[in-house]
Amino acid sequence: MTRQERTAWLFTAPVLAIIAAMLVLPVTLALALSLTDYSIYALADWSNVRFVGLGNFAELLRTALFWRALANTALFAALGVPMAIGASLGAALLLHDTTVRWKPLWRVALFAPYVTSVVATAVVWRFLLNTRFGLINYALGWLSLPPVDWLGDPHASIPAILLFVTWKIFGYNMIVFTAALSSVPQDLMEAARLDGASRWGRFRHVTLPAIGPTLLLASVMSVAGFLQIFAEPYVMTLGGPAQSTVTVLYFMFDEGFKWWNLGQASAVALILFILILAITFVETRIGKRNQWL
Amino acid sequence: MIQRRRIRAIVANGLVALLTAVTLIPLVWMVTVSFMPRGASSHFPPPFWPERWSGENYYELLVRREIDGAWFDYRVLPALGNSLLIAVIATVLGLLLTVPAGYAFAKLRFTGRERLLKLLIAGLVVPGQVAMLPLFLLFKELGLVNSFAGVILPGLAGIFAILFVRQSALAIPDEMLDAARLDGASEARIFRSIVLPLLAPITVTLALFLFLGSWNDFLWPLIILTDQSKYTLPVAVGAIVREHAADGELMMAASVVTTLPVLLIFLPLQRFYISGLLGGSVKG
């Protein structure tokens with residue numbers, strides 16, 4: 001072994017060992033666990049564990065709340081991704097305008113919510129969204145709109161949580177998009193302007209193709225993020241009203257650590273993993289086919 | 001023409017200012033409500049500024065006192081201490097483990113490097129939640145449930161951090177390292193005297209990522225910590241809000257205590273954070 005090789009192993013072995021113990025081993029065990037009926041009885045004594053094959057998965061497909069959680073999570077992603085990406089892009093375009101001054105200052109202020117704790121700011125938004133005394137309904141009243149029972153109406157609960165999530169995360173992709181916007185070819189932009197292209201035309205045919213790959217990558221990552229929503233409903237709605245904000249992870253947490261059905265919960269975690277993998281795969285395929293990536 | 005440009009400047013700057021104001025209102029409101037006397041925020045129209053500034057929420061939240069002969073507190077100060085201790089240890093250990101590894105993957109030749117690298121990249125797609133349930137059982141066998149070690153350990157499997165360091169270390173010129181080797185410097189010496197100074201800025205960035213990640217982490221500490229006295233701040237605040245949701249002013253004080261330390265660390269170091277974020281997005 002060369003000196004370089006010895007040093008390399010000295011440098012990498014500790015973290016690789018931790019990755020093996022904290023990620024590889026547990027994920028393998030999760031596969032095994034999902035095929036057993038590990039429950040609160042097994043927690044007391046391992047001899048109570050039985051192999052049930054794909055029984056957990058079959059059981060899940062018969063559980064109405066699991067389907068509900070899947071549908072809620074899909075709704076979170078389907079509404080949340082366009083909302084968050086749209087907000088990020090809008091803010092980035094606004095910040096990119098040449099006439100805007102003090103850009104670094106605005107950038108930091110708009111990014112600040114991203115670094116705060118989800119739990120702490122979810123608490124704040126719970127009160128902002130309060131039906132009677134919340135600032136949001138007060139603002140709606142200003143626009144002479146009727147108040148909304150944000151966290152009490154099953155139809156409004158997901159949009160309400162998404163308002164909060166968008167507020168919290170849009171700064172991240174805004175920064176990414178501002179960087180992409182500054183790489184838009186200026187000579188092409190100038191040529192389009194001289195040819196009399198409208199502002200929308202220039203955005204559609206010059207800006208969008210240039211930032212397309214960044215937009216797609218951000219969307220792919222946002223989908224994965226929205227599929228893993230947990231803390232927001234845990235703090236803001238406790239999964240309610242009428243189970244309208246029970247997400248897949250929320251379901252997994254309850255199943256695993258409230259009812260101690262760890263076999264069943266592992267099956268949920270694996271299904272979520274497979275869904276994320278599949279969606280990411282399809283999205284990148286579509287992106288590659290259209291040569292966006 | 002100049003006239004039109006001025007109008008546009010006013011509109012654009014105005015819109016940015018408006019967007020910033022809307023974004024910051026929740027944070028400012030959090031602070032002002034936390035200083036209102038109990039119940040003062042439950043009025044219509046909702047007050048934005050306290051009529052009388054009061055510290056009673058912070059007093060109730062932070063100070064232990066006797067109620068009906070029994071000691072009572074919300075255990076927020078201990079949680080603040082726990083969060084700080086855990087975040088500092090997680091950051092230091094994370095840096096010690098991943099900075100040398102990231103450099104090794106970029107610049108040191110060893111058999112199996114490319115294959116390991118591919119495995120690490122593949123590992124990035126595994127969501128942490130898949131590992132959580134078996135980890136809980138493993139930690140239960142090892143007696144790590146309800147311990148700080150149990151909170152910190154899974155976060156040390158920093159694949160993202162290794163790749164992040166590697167990305168920057170790739171830019172170090174090989175000639176520089178080879179010259180030092182010819183002069184007889186040991187590999188450890190090269191790492192300490194040449195590589196580390198070059199990687200200093202991204203080490204600060206990574207430290208920020210690790211610290212904020214640990215401080216804001218919620219699901220895993222919620223699972224592994226069972227004893228109130230061991231709670232981190234987000235877990236403690238989560239527990240309080242599920243029980244005392246009606247006391248708005250008290251909850252705002254709890255949120256201020258949780259978010260303020262993070263913002264105080266982030267603001268002076270934001271340059272490092274944002275540059276790191278961009279370094280990650282333009283790779284590939």
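## Packing of helices α4 and α10 in chain A

In this predicted model, helix α4(A) crosses helix α10(A) with right-handed geometry. The residues that form the contact are T73(A), F76(A), A77(A), G80(A), V81(A), A84(A) and I85(A) on the α4(A) side, and L215(A), A218(A), S219(A), S222(A), V223(A), F226(A) and L227(A) on the α10(A) side. By class, ten of these residues are nonpolar, four are polar and none is charged.

Two packed helices are described by the angle and the distance between their axes. Here α4 spans residues 64–96 of chain A and α10 spans residues 199–227 of chain A; their axes come within 9 Å and cross at roughly 145 degrees.

## Overall architecture of chain A

Chain A contains 13 helices and zero strands. The C-alpha atoms of the chain occupy a box of roughly 75 × 70 × 35 Å along the principal axes. Of its 293 residues, 41% count as buried.

Contacts in chain A between residues at least 6 apart in sequence were also examined: 68% of them join residues at least 24 apart.

## Annotated domain

The UniProt record, an unreviewed entry, assigns the feature "domain: ABC transmembrane type-1" to residues 70–283 of chain A. Over residues 70–283, chain A is 75% helix and 0% strand.

## Backbone features in the α11–α12 loop of chain A

Most residues other than glycine have a negative phi, and most peptide bonds are trans. The loop between α11 (231–236) and α12 (248–258) of chain A includes P241(A). The peptide bond joining G240(A) and P241(A) is cis, with omega about -10 degrees.

A242(A) is found in the loop between α11 and α12 as well. This residue is not a glycine, yet its phi is positive, near 50 degrees. A242(A) counts as partly exposed because it has 13 C-beta neighbours inside 10 Å, and a residue is exposed only at 12 or fewer.

## A positive phi in chain B

In chain B, R75(B) has a positive phi of about 55 degrees, although it is not a glycine. R75(B) lies in the loop that runs between β2 (70–72) and α3 (76–107) of chain B. With 19 C-beta neighbours inside 10 Å, R75(B) is classed as partly exposed, since burial requires 20 or more.

Key
Residues numbered from 1 in each chain as written. Chains lettered and ligands numbered in written order. Predicted model: local features only at pLDDT ≥ 70, side-chain atom pairs only at ≥ 80, totals over all residues. UniProt positions renumbered as here; feature names shortened; annotations may be inferred. Helix = DSSP H or I, 4+ residues; strand = E, 2+ residues; numbered from the N terminus. Axes fitted to C-alpha atoms, helices over the stretch in contact; angles between N-to-C directions. Left-handed = near helix turned anticlockwise from the far one by under 90°. Contact = placed C-beta atoms within 7 Å. Nonpolar A, V, L, I, M, F, W, Y, C, P; charged D, E, K, R; others polar.
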